[in-house]
Amino acid sequence: MTQFRYKAFISYSHRDEPWASWLQRALERYRVPRRLVGEDGEFGEIPANLAPVFRDREDLSSADDLSRQVLQELELSENLIVICSPAAAQSEWVNQEIRHFKSLGREHRVHAVIVDGDPLAVDTAEFCFPQALIEREDGRRREPLAADARKYADGKPLARLKLIAGMLGIRLDDLRRRDMQRRRKTLWTAILGTTAVLAVTGFLAITAISSRQAAQQTQDSTGELLEYMLANLDKLDAIIGVEIIDSSDQQLADMAASGQLAVLSTDELKEEGMAWRGRGQQAQEEGQLDTALEYLRISQAAFVALYQRIPRNLGHLFELGQAEFWVGYIHLDKGDLDHAEAAISRYGAITRRLINAEPRNAEWVMELSYTLTNLGAVENERQVPDRAKALDLLQSALEYNTIAVVLDPDNDIFRLDLSTALAFLADALRDSCNLGQALEYRGESVDITRELFSETPDDEVFKLTLAYSLSGRSLVQHEIGLWQEAIDGWTESESLLQELVHRYPNNRQYLWQALFRAQVIAFAKADAGDRESGWDRATELNQEIDQFISETSVLDFQQKLDYAQFKRRYSELASDTGREHEAIQYIEEAIRVVEELPEDNPDSRIERASAYIEHWRQNDNRLSSEYPKWLDSYLADRHQVVSCREANLGARLAIMWDQRDRAVAFTAYLLGKGYYEPAFVRFCAENGLCSATGSP
């Protein structure tokens, strides 16, 4: 039996190099779902991953004999992937590679991915299939099945899944559940990386599921637990109208009843819905949100029609729920919170029906956890969020995630999501200034993630999540005055991110996250008293960060916010070390950056207010008419403010507006909560607020 060295050999024209590079990364990073590993596929036992993948132009750059080594590597490859385009169709190199691979008796292991051109074109300049791909021994034409990565066809996400299913010899539907983890992706992802802290619900002790053995012992009582929680869940709207859509949504109803969908068979209708979803996901990844919503609405209509045709099919009901989720997710991305909440609530109501049908199905339970997480995210994105409602939703999300781990204790995705759910809940609790509780349970989150990372240390997702988890714990430690512990955590987090930067040097997000943690460490050391060392390191990072910004064509919201924060902190440090000219320069730069951000976003408002306060401090405490009146909103009655960040801001603004009594009230609240963030303690001492509250 042939011992293969590679899972696949990618054959392509040099003009399609970007596609080949994307495909190699996409395949090598893919982890086969644990529940499929070891099962029998069409081609034998299903492996745990698809690495390594051979890409000839890159991997053969140093070969002594190119032709001989190409033949050898083809023989050692289990699959041949042909990137199809007009350039590939006309490439003699690609045709020879296909013919040689077929000669090895592996024609059934040749897979095609269309990236350009047209497989039905008569004009050879547009035809995308190489002749060797479609020719048969008997001289007749062969019509290959192909994944179509073009954005108006399958799109990259669906094309990748189709290709992987073909390589593993399994049905596409068997891989669809792996895509489930994307349901937890919301605007909270950025929060997790920079500010998330942790607390835990009292409903289920997290220690009860921190080990798989304990989880297994708890399984027997899960049915009663689910029944209790389902009976008491009143946060999700019922499905109204025509069972699955709002009765006022006439456009969707008309689309679902259209003759264009009615003529399709059941399989064709499902395939059409999946294809439009793939196009919508691709458009969303490219930032084309209106186009994405249009595509996803068509996909939604297809699954509405499918469900109405066969309403008792749980698979169809699941896909209908996914359709609702993706529509809600795009609305959330667009900032249309009411429509997002409505769609995500329908997604949850559909998921609740799935759980009623199969109460012990861990994947259905996780879908409900995703529902509640996203509803919590929607609420927290509102200009005036209902913090109690958000906390309730996120606590319930954690409970359902816990149940899913109890039902399937070996599922790494559920365990990883549990750590994430804890972080999401923690951010809501941090907004209530519950720092002691946050610190107590942040260690649990780190433990879960570190355990996953220790089991698979080369896994990119586990490494990244551990970096974020450590950073989140450090933030809480810093706020309660454990500055050395905070620095240690941030240092480990930066080290993990630097490893990812080294592995993926072209990944700009990893580089930015590493830079962000490096500057946090520099400022933390300065806050702890090492001002000059902190200044020297911050100056080095100022150059690196400016270079990153200049080389990045489009910055996302979080990067702009981080950049503004860095310039403000750098300005503060310049002022504290006697560099007044630099201080003025950088605070004005910080204000310019933050004023480009939406004013109605809570995080950008807090950062903007912080920049104005620093500007006031550096201008000899002189007030400016340019300061906006909405700053007064942070001076509300102290009893209306529960967030540590807002109370900190309120104390500083009270001093700025010469309202000392309010500053004392805010300070007493913060110190009573155990808030001893070094910069705040220094402000407290400089203004005599600590002694006024009876604190040292």
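Mentor: Gladly! Let's begin with the words for the elements: helices (H or I, at least four residues) and strands (E, at least two) are DSSP runs, numbered from the N terminus. Please keep in mind as well that this is a predicted model.

With those names in hand, look at the second largest pocket, whose volume is about 690 Å³. Its lining is made of 26 residues, and those closest to the centre are Leu 145, Ala 146, Ala 147, Lys 162 and Gly 166. To find the lining on your screen, start from the strands β6 (110-114) and β7 (146-148) and the helix α7 (155-168), each of which supplies at least two of the lining residues. Sorted by class, the lining of this pocket holds 16 nonpolar residues, along with six charged and four polar ones.

Now for the cysteines. A search of the whole structure turns up two disulfides. One of them joins Cys 433 and Cys 644, with 1.6 Å between their sulfur atoms. This link is right-handed, with 90° about the S-S bond. Its two ends sit in separate places: Cys 433 is in the loop between α20 (412-430) and α21 (435-455), while Cys 644 belongs to helix α29 (residues 644-656), so the bond ties together parts that are 211 residues apart in sequence. Cys 433 is buried, at 1% relative accessible area, and Cys 644 is buried too, at 2%; the cut-off for that word is under 20%.

The other bond connects Cys 684 with Cys 690, and the distance from S to S is 1.9 Å. Here again both cysteines are buried. If you number the bonded cysteines of the protein chain in sequence order, the pairing reads 1-2, 3-4.

Finally, here is a pair to compare with those bonds. Which cysteine sulfur is closest to that of Cys 84? It belongs to Cys 128, at 5.7 Å. A disulfide needs the two sulfur atoms to be within 2.5 Å, so the sulfur of Cys 84 is too far from that of Cys 128 for a bond.

Terms used. Residues numbered from 1 in each chain as written. Predicted model: local features only at pLDDT ≥ 70, side-chain atom pairs only at ≥ 80, totals over all residues. Heavy atoms only, no water. 1 Å grid on protein atoms, 1.4 Å probe; cavity = no way out; pocket = protein on both sides within 12 Å on 5 of 7 lines; lining within 4 Å. Points joined across faces, edges and corners; volume = space filled by probe spheres on them. Nonpolar A, V, L, I, M, F, W, Y, C, P; charged D, E, K, R; others polar. Buried < 20%, exposed > 50% of the residue type's maximum accessible area, 1.4 Å probe, protein only.
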